[in-house]
Amino acid sequence: MRLLGELSIRHFGIIESVDLSFDKGMTVITGETGAGKSMIIDAIGLLIGGRGSAEFVRHGAEKAEIEGLFYIDNGHPCREELASLGLETDDEMIVLRREISKAGKSVCRINGKMVTLAALKQTGKKLIDIHGQHEHQDLLQSERHLSLLDNFGGTKVDETSEKYRERFESYVELRKRWKQLHENEKEAAQRIDLIRFQVEEIDEAALVPNEDEQLEEERAVLANYERVFAALKKSYESLNGEQRGLEWVGEAMQSLSQIANVNDDYRQMHERLADHYYLLEEMTFSIRDTFESLAYDPERLNELESRLHDLQKLKKKYGDSVNDILAYRRQAAAELDQLTNRDRQVEETKAALASIKEQLRVDAKRLTEARKETANRLIEAITNELAELQMAKTRFDVQFSERSDFARDGLDDVEFLISTNPGEPLKPLARVASGGELSRIMLALKSIFSKGEGITSIIFDEVDTGVSGRAAQAMAEKIHRLSAHSQVFCITHLPQVAAMADTHLFITKKESRDRTITSVESLNTEQQIDEIGRMISGAEMTELTKQHAKELLDLAGRLKSTV
């Protein structure tokens, strides 16, 4: 089960210090108006990347601190987000932390590593979905409707969409090439002149691969002719001749040859010295040949200096070495060929672009068909959900429109429409006026989409405003059913919703040393009866009210046992 396990809040608004432990299922939070219920939700909102402000810091404190421990399974979508941030997620726990100083500075951490607010928000939105009555949630934003529909579509839509995206990537590359070919003709002509000059300049130099390295080696020898010649000659004379090194080594080898047959050690000693003698003899002749071949040629030195000077000028323009210059020449020649054969390439690209657009349109049509089939199933599913929420006469529809050009997700624009009263036209979700109707519509949509969104926890912040009677009971049952696959938190003023809680938290505030302090208490059954009774009747508690509260809890228990 994926859930928010622990929440710690310090110096946040009227909350001095609160530590909360949560379990799976449905957690209801109740309390008097102004006790701090919404402050807890505000704290969670900041924890997942909401906008911070110094106003949140409790008066007299240096900073507000919020920390949450989440348990996630291996398949949770936020793992990819964490991996992209370089964060380890070997275990099944994630710790988010947010600090806001009294100066308004915000510090965000995930698993102890400091991250940007954007990174915290990107991760947080995959963990918790906070839904309030007056917030512009994703479900009200038409640009989100297409992705929600695709998520509901499952494998068939995914496969069709993937095929379309692969073709679309090829289309984008071709379109980019087409745009490049249709750049300003004057700029293209200027580019041709420049590249042609560069290619000709490099060709005139008649470069040879690695030429600069070879010339620099030859120049080093000529520039140091006298020192090199003297050193080679001295080495040769030290080795060759009477009473010289080679002769002494030869005599040593001859002496050892006389005892080589005595035992293996002497024989091996003689053989090793003989090998060194012949190597030394070969080296002596090589030194002789080298210094005898040396000839000081000042004209050649001048030629080398001049050639290296010319190469250096080319290096300043085209590369750090002759090989780099030749590589640049190849690239320039290829670009020159592309520019000079512009008309042929234009026609080829035009034909390829026309062909892939036809194929892409076919793929887009198939994707639209898959989505419309999915839309029919979605309409049926949401209609059933609304019927369970006492909105049986409500009509829900998915409106399709075609875009003017291809996009990565197809040619479709999708918007959810609804009509809550018979005879009224379908309207966009955002234009539904009644608060009570909007609450139930959003709950129905959440019931459908929350499974596919991979959200760990869902928070409903007084979404039951404007709802009463049978509709309130239906909402309570629906919210509890959501908790079967997502941890649910619900701030409510409805006793029907509170009665369905698996965990009931009661928020109170009191004054201590001239300061307001908020505390949170987990209610037992008797305390829950008292709180639900208060919610039913207000401040005054009667035996009839208490009996009504018990009946609500008994009904909730029977309903929960059937889930």
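Helix and strand packing in a predicted model

Visitor: At what angle do helix H7 and helix H11 pack?

Guide: In this predicted model, H7 covers residues 211-223 and H11 covers residues 298-318. Their axes lie 10 Å apart. The two helices pack at an angle of about 145°.

Visitor: Which hand does the crossing of H7 and H11 have, and how many residues of the contact are charged?

Guide: H7 passes H11 in a left-handed crossing. On the H7 side the contact includes Glu211, Leu215 and Arg219, and on the H11 side it includes Arg300, Leu304 and Lys315. Seven residues of this contact are nonpolar and none is polar. The number that are charged is nine.

Visitor: How many residues of strand S1 are buried?

Guide: S1 spans residues 3-12, which makes 10 residues. Buried means under 20% relative accessible area. By that cut-off S1 is mostly covered, and the count of buried residues is seven.

Visitor: Which residue of S4 is the bridge partner of Leu7?

Guide: Strand S4 covers residues 63-71 and pairs with S1 in the antiparallel sense. Seven bridges join the two strands. Within S4, the partner of Leu7 is Gly68.

How values were computed
Residues numbered from 1 in each chain as written. Predicted model: local features only at pLDDT ≥ 70, side-chain atom pairs only at ≥ 80, totals over all residues. Heavy atoms only, no water. Axes fitted to C-alpha atoms, helices over the stretch in contact; angles between N-to-C directions. Helix = DSSP H or I, 4+ residues; strand = E, 2+ residues; numbered from the N terminus. Left-handed = near helix turned anticlockwise from the far one by under 90°. Contact = heavy atoms within 4.5 Å. Nonpolar A, V, L, I, M, F, W, Y, C, P; charged D, E, K, R; others polar. Buried < 20%, exposed > 50% of the residue type's maximum accessible area, 1.4 Å probe, protein only. Pairing = 2+ DSSP bridges.
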